[in-house]
Amino acid sequence: MWDWLRFLEHWQLFLPVGIIGGISWSVWLIRKVMSAGYRPLVNDFRTTTSVVVPSFREDPDVLMRCLDTWLAQGPTEVIIVLDLEDLEARDRLMARHDRRIHVMMFAHEGKRSALGVGIRAARHEVLVLTDSDTAWEPGLLAAVQMPFANPKVGAVGTRQNVHEPRSSVWRRVADWIIDLRYMDYVPATARRGGVVCVSGRTAAYRRSAVMPVLANLEHEYFLGRRCVAGDDGRLTWLVLAQGYRTEHQDSARALSMFPSTFRAFCKQRVRWSRNSYRCYLTALYKGWLWRVPVISQLTVFQILFTPVTMFATVYYLVAAWFSPQRELAVILGLAWLFLGRAIRSFSHLRRTPSDIVILPLVTLVIMFVALPIKTWAFLTMNKQGWLTRRADLVGGEGQDEASLTEDSRGAA
């Protein structure tokens with residue numbers, strides 16, 4: 001029988017973890033409560049739209065599938081900036097004979113360069129920047145325009161999920177994680193007009209807010225090196241720094257291709273983490289962070305200090321192992337680890353109850369992403385590169401149309 005008194009004698013060993021955990025859970029609860037009060041805007045505001053799509057070695061089948069969803073919603077124009085080697089995609093686009101489609105061939109030097117070319121060619125009031133592997137759910141284009149009725153709004157983000165998450169366990173994990181972002185975190189910052197990163201998978205911007213800062217998007221340098229990725233975070237803060245609001249529109253929904261393999265899943269997380277560190281440290285250094293709402297500041301600091309809070313969890317488990325009451329401490333630690341993750345994941349599990357079976361995997365993956373990957377990303381934040389896309393690879397790594405087939409599902 002466990003000796004509870006002896007265990008309690010060592011309470012001071014776990015006090016730092018309790019403090020860090022208390023802060024972490026408090027921030028989560030604040031954002032959760034604020035997100036619960038969020039509602040998407042509904043009005044009749046419509047304007048002209050330019051859809052800008054940077055496309056580098058995209059699988060033509062993926063691009064055509066997504067294009068159908070864009071055109072179906074009646075944009076004024078669709079500008080697709082292809083790499084010079086994307087000849088099959090060019091031919092298939094030209095064969096559409098749709099006057100709304102404008103194909104531009106360009107020697108890509110990264111996504112930012114292609115975005116710059118497409119944005120300068122755009123002529124309409126709202127720019128809808130969309131990844132070449134992102135499809136739109138019906139009603140996205142109408143919904144994403146509604147917040148622009150307010151002239152103070154400079155950018156509007158969309159609700160995003162994984163395309164066919166059941167095609168790979170790693171897509172299911174990604175869908176779980178991204179669900180929490182758009183259910184529990186982003187809506188809280190949107191209520192104060194301070195979304196800290198309007199995701200580039202599909203994001204709308206007021207053209208007049210982008211043009212004055214476009215060169216700063218294309219030619220950002222961090223510690224002497226030119227930035228390649230992280231365009232969405234950079235553009236979000238360039239808009240916020242001008243005094244505009246950045247909003248979220250939950251009714252505007254998009255589905256993106258995500259990696260089907262663990263290797264590509266990790267690469268994507270490394271890239272995103274590096275982007276976040278560069279983006280938020282720049283916002284802190286330039287003083288932009290102090291001009292946004294407090295809830296947005298809390299969100300940024302929570303992201304920056306995620307490795308610290310996760311280290312506290314690991315510290316607890318290690319300390320528990322060496323405590324006089326090892327069995328009790330380890331059992332309590334593991335139970336709280338999984339129970340805590342289930343509580344924080346209630347929003348996703350309510351939407352997809354069957355995913356409860358992968359709770360242990362998701363818990364371990366989040367620990368892996370939050371500690372080793374984010375720590376590695378912090379130490380290498382100035383290493384530039386896309387990681388999951390290469391000139392010799394059609395489609396992103398583990399993200400082509402073939403990865404959705406039955407054979408690929410079995411291999412994943």
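**Exercises on a pocket and a helix pair**

Lined by 14 residues, the second largest pocket has Ser35, Ala36, Met183, Pro187 and Arg350 nearest its centre. A pocket here is an open set of points on a 1 Å grid over the protein atoms alone, where a 1.4 Å probe fits, with protein on both sides within 12 Å along at least five of seven lines, and lining residues have an atom within 4 Å of a point. The model is predicted, so that local features need pLDDT of at least 70 and side-chain atom pairs pLDDT 80 or more, while totals for chains, interfaces and linings use all residues. Residues are numbered from 1 along each chain, and side-chain values use heavy atoms, without hydrogens or water.

**Exercise 1.** Determine which element gives the largest share of the lining of the second largest pocket.

*Solution.* Begin with the elements that give two or more residues, namely α2 (11-36), α7 and α15 (346-351); helices are DSSP runs of H or I with at least four residues. Of these, α7 provides the largest share, four residues.

**Exercise 2.** Determine how α7 and α11 are oriented to each other.

*Solution.* First, take the angle between α7 (residues 169-190) and α11 (residues 262-286), which is about 30°, with the axes 10 Å apart; axes are lines fitted to C-alpha atoms over the stretch in contact, and angles run from 0 to 180 degrees between N-to-C directions. Next, apply the cut-off, by which angles under 35 degrees count as roughly parallel; α7 and α11 are therefore roughly parallel to each other. Finally, identify the contact (heavy atoms within 4.5 Å), in which Trp170, Val173, Ala174 and Ile177 of α7 meet Phe262, Phe265 and Arg269 of α11.

Terms used: Parallel < 35°, antiparallel > 145°, perpendicular 65-115°, else oblique.
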